[in-house]
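Hi,

Here is the structure I said I would pass on. Have a look at it first, and my notes on what turned up follow below.

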Amino acid sequence: MLLKQLYTRGSLNNTDTGISFSLKNRLKDAEIKEILHIKIDGKEVNIDQVFMNTSEEENIPATSINKDNRIDFPLRKVINIEVKGHDSLAIERHELEISVKASPFGNLKFSVNDSIPDPKNQDVRVPRDEMDDFGENIIKKRQEFVSEFTGKPIDHIGKYSIDPHELSGNIEHFTGVAQIPMGFAGPIKVNGEHAIGEFMIPMATTEGTLVASYNRGMKVANMCGGIKVSVVDDAMQRAPVFEFEDARGARDFVQWVKLNFDTIKTEAETTSSIADLVYIDHFLSNKFAFLRFNFKTGDAAGQNMVGRATFAACSWILDQYSGIKNFFLESNFATDKKASQINIMRTRGKRVTAEVTLKKEVLQQYMRVDPEQLDHHSRIAAIGSFLSGVNNTGLHSPNGITAMFIATGQDVANVSESSAGIIYTELTSNGDLYISITIPSLIIATYGGGTGIGTQKESLELLDCYGKGKAHKFAEIVAAVVLAGEISLASAISSSDWVSSHEQYGRNR
């Protein structure tokens, strides 16, 4: 099952010179040492007719590939394979069998089904270049295509300072960029275990008052000694489901999984040098066994990483265990890109707590509120949160998280999970206010994904949070910023400054 992911569905086509199809490396960096055979509908193709095209070189004879003349096949690279002189295939479903020698995998063989498309039924499509889809010419063609299709010019979208070739794996059909205003708040003093010191915070937003509000909260927190932050847990999940004949079959399967955890862990971790399978949760319902694979993923957010690793583990499970009627890699139980109670309880991404004790005189002088007002409002707001069924007892943690996510190249859709927050306040014996927030599912990265792109990389570098070994530091900074925002907005609501601030800074009409 894993090997079939190498084949690009929908790539089988008749050409002027024969037929063609594409392979894309979705596993890990490799080298092709030999094409052993290709079969189409059970008939072996003459290897002399097979040629390979890459973004660097065209018409490479398959017969020229050997252990001394290999083809690099790194992750995400596409190789187009042509069988020249082959008769045109009928417009129907066909079976392809492909066998190659590849390092470090050894001999690989897999079969897939694909269909020749009917030219009469092909839709209007955005222009693409299979070999170099980030080149200047194809980007210009896409801009012209969109402009002609819509009847509107492309001006701002087509202006950018980044190298499009660095975006492979980040976006498809690259046509330009969306420019979002950025401001800096701070400095904010963070007393973490990884983030220690003062930091200027990049925030990308179009919401007036947001940067000013966070800046105000940071000032107050700094005057009270800074914000203490702790990362208390770290996990990323993929949750496959296995279907059985009956509930007893599902129960027995879970027992088998427990007994074979060490081997399952080994199989999962063969796909990555970083993924670390820590444990597997199991949940039984009806005749289904839901498994929740929990990984540590280093400095990457890790959703794709754990997807590959879990798929490898499940491929081994399917080969070893009889009685499985059906299987899906994701059961919707990992709740990827969705808020959920299980992630609040079990952690997804980083579980972080930020806390500070706000001095009474600071709140009175700079926020025009008493600690008792904030504490009272917090308790009432908790009732409102309960009644409404939200996943957050705070006020607006997604504001700061989203602004930082956009600025630093995070997957912004993860705000849906990262938005969960648990606020706690307590009046101290001398009249100050202790306030803390726990973010149970903060999904961030400092390496991979969108973190290496232009302004996003630059923003992370300004925080000294780009690259490996920085994820916990960045998580601590984000949590500190979130708490500063809670302090500011809570004070504004309690002192009735909220509306007047938006009138002063947030009107653009």
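Let me start with D464, which is partly exposed, with a relative accessible area of 42%. On that scale, buried means under 20% relative accessible area, exposed over 50%, and partly exposed in between, with a 1.4 Å probe and protein chains only. D464 pairs with K470 in a salt bridge, at 3.4 Å from N to O. For a salt bridge, I asked for a side-chain nitrogen of Lys or Arg within 4 Å of a carboxyl oxygen of Asp or Glu.

Before going on, the ground rules. This is a predicted model, so local features need pLDDT of at least 70 and side-chain atom pairs count only at pLDDT 80 or more, while totals for chains, interfaces and linings use all residues. Residues are numbered from 1 along each chain as its sequence is written, and side-chain values use heavy atoms, with hydrogens and water left out.

**Salt bridges**

The rule above gives 21 salt bridges. One of them joins R348 to D336, with the closest N and O atoms 2.9 Å apart. R348 sits in the loop between α6 (341-346) and β18 (349-358), and D336 in the loop between β17 (326-328) and α6, so this pair links distant parts of the chain, 12 residues apart. (Helices are DSSP runs of H or I with at least four residues, strands are runs of E with at least two, and both are numbered from the N terminus.) R348 and D336 are both buried. They also belong to a network: salt bridges with shared partners join R238, E330, D336, R348 and E417.

Another pair is R142 and D133, again with 2.9 Å between the closest N and O atoms. R142 lies in helix α1 (residues 136-150) and is buried, with a relative accessible area of 0%. D133 is buried too. Setting aside neighbours within four places in sequence, R142 is in contact (heavy atoms within 4.5 Å) with V126, P127, R128, D133, H173, F174 and T175. T175 is 33 residues from R142 along the chain, yet their C-alpha atoms are separated by 6.1 Å.

For contrast, take T209, in the loop between β12 (196-204) and α2 (210-223). T209 is buried at 12% relative accessible area. T209 and N59 are 150 residues apart in sequence and 58 Å apart in space, C-alpha to C-alpha.

**The core**

A nonpolar core here is a set of buried Ala, Val, Leu, Ile, Met, Phe, Trp, Tyr and Cys residues joined through side-chain atoms within 4.5 Å. The largest one has 53 residues, and those with the most contacts inside it are I188, I201, I227, L358, L442, I477 and V481. Helix α12 (residues 471-494) gives the most to this core, with 13 residues. Not counting residues up to four places away, I227 touches a list that includes I188, V190, V356, A480 and L483.

**Cavities and a pocket**

These come from a 1 Å grid over the protein atoms alone: a cavity is a set of points where a 1.4 Å probe fits but cannot get out, a pocket is an open set with protein on both sides within 12 Å along at least five of seven lines, and lining residues have an atom within 4 Å of a point. Grid points are joined across faces, edges and corners, and a volume is the space filled by probe spheres set on the points.

The whole structure has three cavities of 30 Å³ or more.

Among the residues that line it are L6, L23, F73, I98 and F110. β9 supplies the largest share, three residues.

The second largest pocket has about 640 Å³ of space. Of its 21 lining residues, S11, N13, S20, N80 and E130 are the closest to the centre. β2 (18-24) and β8 (78-84) are the elements that give two or more residues to this lining.

Cheers
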